[in-house]
Amino acid sequence: MSEDHNILMNDNQKGFFFTLSVIFEKLRSDGIKTTLSKITKNIYYKIIGVDFDMQTLDQLTIKGGNKNLGTICGSSAEHTVQHILDSLVDFDKSILDGTFVDYGSGKGKLIIFAKNYGFQQCIGVEFAKELCEIATNNIKKLNIKDTTVVHGDAVDFTIPNDARVLYFLNPFHKSVFEQLLPKIISQSKKLNKELYIVYRAPIYNEVFQNYPEIKHLKKDYFRGDLTEFYQITTS
C-alpha cells in the first residue's frame with residue numbers, strides 16, 4: 001500500500017480522543033442543533049442495525065487483483081456531500097434523471113444519500129465482499145429503492161447507459177485510475193448525455209490531465225476539503 005494511503009488510513013484510526021476532538025469541532029462548526037441531529041441519527045442507525053463505521057481492508061475478501069491499491073472504508077460528512085451534489089446540479093439539473101455511480105462504495109452511505117437527494121438510480125461498485133453485504137443490509141434496513149451494490153473490481157465494471165455522475169472518494173491508487181479512465185472514456189461514447197466525474201481528496205488528479213476527453217470544470221474547497229469536478233462529453 002502506498003505511503004499516501006497509509007497516511008489516510010492512520011488519520012482515520014486515531015481512536016477515542018480523536019473521535020472526541022471531531023465531535024467538539026463539529027459542535028464549533030455546525031452548532032449544537034445540527035450536531036445533536038447527527039448524533040440522534042447515528043443512534044437510530046445503531047438501533048435498527050445500520051452500519052456505516054469505517055473499516056480497513058486487511059481482513060476482507062477482495063474480488064480482483066487490486067487489494068493492495070485500495071484505501072480505508074470511510075465516508076464524507078453529509079454537509080460536504082450535500083455541497084458537492086448541489087454543485088453538480090448547478091452544472092446540469094438533468095443529472096438527477098440518471099444514475100449515480102460510486103466507485104469504492106464501502107457500506108453504501110453515499111449512494112443512500114444520493115438516492116435520497118433525488119437521483120433516479122444509484123449504484124455502488126465495491127471489491128470487498130463483506131462491505132457489499134453490509135451495504136445491501138443498510139439499503140434494506142433503510143428501505144431505499146433503486147439502489148444497488150455491485151461486487152467487483154472497478155476496472156471490470158461497465159457504466160450503465162443512463163450514468164450521469166461517477167464519484168470517487170480517493171478509492172484507489174493512480175495505477176487503477178490509469179486502467180479505469182480509458183475504459184470510462186470508451187464506454188461514455190454510448191451515453192446520450194454528458195457524464196460528470198467527482199474526485200474527492202484528489203491525490204492523483206494529475207492522471208485525469210492525461211486525457212483530453214476529460215474536461216476540468218472546477219476545483220472546489222469546502223470546509224477544508226478539496227474536490228475536483230470533471231466532464232466527459234458525448235460528442
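Reply: Buried here means under 20% relative accessible area. The model is a predicted one. F172, at 7% relative accessibility, therefore counts as buried. F168 is buried as well, with a relative accessibility of 0%.

The rings of F168 and F172 form a pair. Their centres lie 6.1 Å apart and their planes meet at 70°, so the pair is edge-to-face; the cut-off for that label is over 60 degrees. F168 and F172 also belong to one aromatic cluster, together with Y103, F157, F177, Y199, F208 and Y230.

Across the whole structure, a search finds 13 aromatic pairs. One of them joins F100 and Y167, with 5.8 Å from centre to centre and 35° between the planes, and this pair is tilted. F100 sits in strand β1 (residues 99-103) and Y167 in strand β4 (residues 163-169), so the pair ties together parts that are 67 residues apart in sequence. F100 is buried at 0% relative accessibility, and Y167 is buried at 1%.

For the setting, the protein has seven helices and seven strands. Along the sequence they follow the pattern α-α-α-α-β-α-β-α-β-β-α-β-β-β. Of its 235 residues, 46% count as buried. Among contacts between residues at least 6 apart in sequence, 73% join residues at least 24 apart.

Terms used:
Residues are numbered from 1 along each chain as its sequence is written. This is a predicted model: local features need pLDDT of at least 70, side-chain atom pairs count only at pLDDT 80 or more; totals for chains, interfaces and linings use all residues. Side-chain values use heavy atoms; hydrogens and water are left out. Helices (H or I, at least four residues) and strands (E, at least two) are DSSP runs, numbered from the N terminus. Buried means under 20% relative accessible area, exposed over 50%, partly exposed in between (1.4 Å probe, protein chains only). Contact means heavy atoms within 4.5 Å. Rings of Phe, Tyr and Trp (its six-membered ring) pair if their centres lie within 6.5 Å; planes under 30 degrees apart count as stacked, over 60 as edge-to-face and the rest as tilted.
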